Amino acid sequence: MSPARQWWLNGRMKIRVRFAPSPTGYLHIGGGRTALFNWLYARHTGGTFILRIEDTDAARNSQAAVDVILDGLRWLGLDWDEGPLTGDATGPSKGDRGPYFQSQRKENYQRRVEALLSRGLAYEHEGAIKFRMPREPVLIPDLVVGDVLRKLTDREEMDPDFVLVRSDGQPVFHFVNVVDDLEMGITHVIRGEDHLSNTSKHIALFKAFGVEPPKYAHIPLILNADGSKMSKRDRGASLSTYTDEGFLSEAVNNYLCLLGWSPKDNIEKMALADVVGRFDLPQILRHNAKFDFEKLVWLQGEYCRELAPDRFYELGVHALAKAGLDTNALPVAYVKSALDTCRGKIKTFAELPAYAGFYFRDAIAYDPEAAKKGFVPENKPRLEKVRDAFSQLAAFDAASLEGSLKAVAAELGVKVGVLIHPTRLACTGNPHGPSLYHLLEVLGKEKVLQRVEQALPLLG
RNA sequence: GACCCUAUGGUCUAGCGGUUAGGACACCUCCCUUUCACGGAGGUAGCCCGGGUUCGAUUCCCGGUAGGGUCGCCA
């Protein structure tokens, strides 16, 4: 092909990227970021984002395991233009370059193996089929890392050839991955840096098939806080950690964008739509990043604070239910106003049961530390005064409660805080929480008086 | 063992042949405040080491060290 023709094609050819996970039963957070970067690149360039399921190992794959991936990507909001619609390998899909499950593509692999065999580029050895790998170093042009000259390792010096098809007839990853990328017209391979060394194999295969390899972009890995590799068992390694703990996909996406990619100005908080406009391969960092859970929580807090009341309510109820606090029997208005007092206060919904459980439980568990300080004899007459003042109140709203409490404080000649702390403790059991006046209003006169009454004996 | 990648505060990062090395998270102090959170004002803390190139290296080159990855009939 002439350079001019190549140039023309490059200018026209629609970018096609793919995320090709193996269904292992969970979606690794690093895999999620790989999917995100591929998706961002496709959306940024107006290209096509493809989802392909690498389920060659039939024994350990199941539809449920595929669903974990599909659900994870959907939760993140990473929609694919081509790929499966369900976890069923033989089920419906969209796109005209399928099937999108490797288990359904066996003929392709067979045909490709035969092509290599017939041209002497592969050979049979002990029942397996091996590829004749070039003995020379392979140049790997990488859009992130730059040109990498991959030399042979000492073991490869002895035998650089590698298996394409196992003796049981099962083709191996390096082979199927390349065949699929080739046949699906993948133009850019954006994947973890753990694949960089093996890319020489892939490039050699593409060349054996007589085609130009796709462009490669190897992105840095996500490490644990201690710098070790983040693997399945590590905390936060699975995307389900975040879906289960009530994180917002906006926060997780935003945080993931910031790991290994930088907008190059000092902006940290960005909506995904904004990142689409700015994302490009050259800004991807070359070094690995440690996962900082605290920073994710900060972003989560940022997004949580600006959540629409309805969504906050929905997620809040869900988190409470998970903690065994069933709000179904309660009036919706009560639950809504209770949760409203928590907006802007919590960062993750996992905090909610501890933070606002007192609204939904009759038995109050007093914080031991706070009780030691607040439930003391000298507070008893004060709390009694508060009780008496509250019981006189005709309107039990935040403004009236505030006025009432301040009046009592003035009468007793103490700062209002002196009354606030024991009152809060009596009604919620916690030293911290939502605005006291507002939480009392939500709780209602009856419950408040009852709880104060109940706490009084504990003060001496 | 060999090969590959990487190296700015504790963490994520910006940056540069000459900067008081910038921002964010976390941490500390103070202010605001009914607690907490938010917000505001400050603060502690960083260019891995050694050579070279240069008038001058955090920045460029080489070496070392450290971390990560890969060398499978795993993906």
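Does Phe360 count as buried or exposed, and at what relative accessibility?

Modeller: Phe360 counts as buried, at 14% relative accessibility. Buried means under 20% relative accessible area, exposed means over 50%, and partly exposed is in between, with a 1.4 Å probe and protein chains only.

Some ground rules come next. Residues are numbered from 1 along each chain as its sequence is written, and chains are lettered from A and ligands numbered from 1 in the order in which they are written. This is a predicted model, where local features need pLDDT of at least 70, side-chain atom pairs count only at pLDDT 80 or more, and totals for chains, interfaces and linings use all residues, while side-chain values use heavy atoms, with hydrogens and water left out.

Now the rings. The whole structure holds 15 aromatic pairs. Rings of Phe, Tyr and Trp (its six-membered ring) pair if their centres lie within 6.5 Å; planes under 30 degrees apart are stacked, over 60 edge-to-face, and the rest tilted. Phe360 pairs edge-to-face with Tyr334, at 6.3 Å centre to centre and 85° between the planes. Tyr334 lies in helix H13 (residues 332-340) and Phe360 in the loop between helix H14 (352-356) and helix H15 (368-374), so the pair ties together parts that are 26 residues apart in sequence. Helices (H or I, at least four residues) and strands (E, at least two) are DSSP runs, numbered from the N terminus. Tyr334 is buried too, with a relative accessible area of 12%.

A second pair is worth a look. Tyr242 and Phe247 are also edge-to-face, at 5.5 Å centre to centre, with 80° between the planes. Both Tyr242 and Phe247 are buried.

Two rings carry a charge over them. A charge sits over a ring if NZ of Lys or CZ of Arg is within 6 Å of the ring centre and within 35 degrees of the ring normal. Lys336 has its charged end over the ring of Tyr313, 5.1 Å from the centre. Lys201 does this with Phe162, at 5.7 Å.

Next, the salt bridges. The count is 26. Each is a side-chain nitrogen of Lys or Arg within 4 Å of a carboxyl oxygen of Asp or Glu. Glu250 bridges to Arg311 at 2.8 Å, N to O. This pair links distant parts of the chain: Glu250 is in helix H9 (residues 249-258), Arg311 in helix H12 (residues 309-322), 61 residues apart. Glu250 is partly exposed at 29% relative accessibility, and Arg311 is partly exposed at 32%.

Glu268 and Lys295 form a salt bridge at 3.0 Å, N to O. Glu268 lies in the loop between H9 and helix H10 (272-278) and Lys295 in helix H11, so parts 27 residues apart in sequence are tied together. Glu268 counts as partly exposed at 31%, and Lys295 counts as partly exposed at 31%.

An N or O atom in its side chain is 3.1 Å from a base nitrogen of RNA strand B. Glu126 uses a backbone N or O atom, 3.2 Å from a base nitrogen of RNA strand B.

In all, 63 residues surround RNA strand B, the closest being Lys151, Asp154, Arg166, Lys264 and Lys345. Sugar and phosphate make up 70% of the RNA atoms that come within 4 Å of the protein. A residue is near the strand if one of its heavy atoms lies within 4 Å of it. Helix H11 gives the largest share of this surface, four residues. By class, the surface has 21 nonpolar, 19 polar and 23 charged residues. Nonpolar covers Ala, Val, Leu, Ile, Met, Phe, Trp, Tyr, Cys and Pro; charged covers Asp, Glu, Lys and Arg; the others, Gly among them, are polar.

Glu302 pairs with Arg305, the closest N and O atoms being 3.5 Å apart. The two are three residues apart in H11, about one helical turn.

Definitions and conventions:
A polar contact is a pair of N or O atoms within 3.5 Å; within protein, one must be able to donate a hydrogen and the other to accept it, and residues adjacent in sequence count only if both atoms are side-chain atoms.
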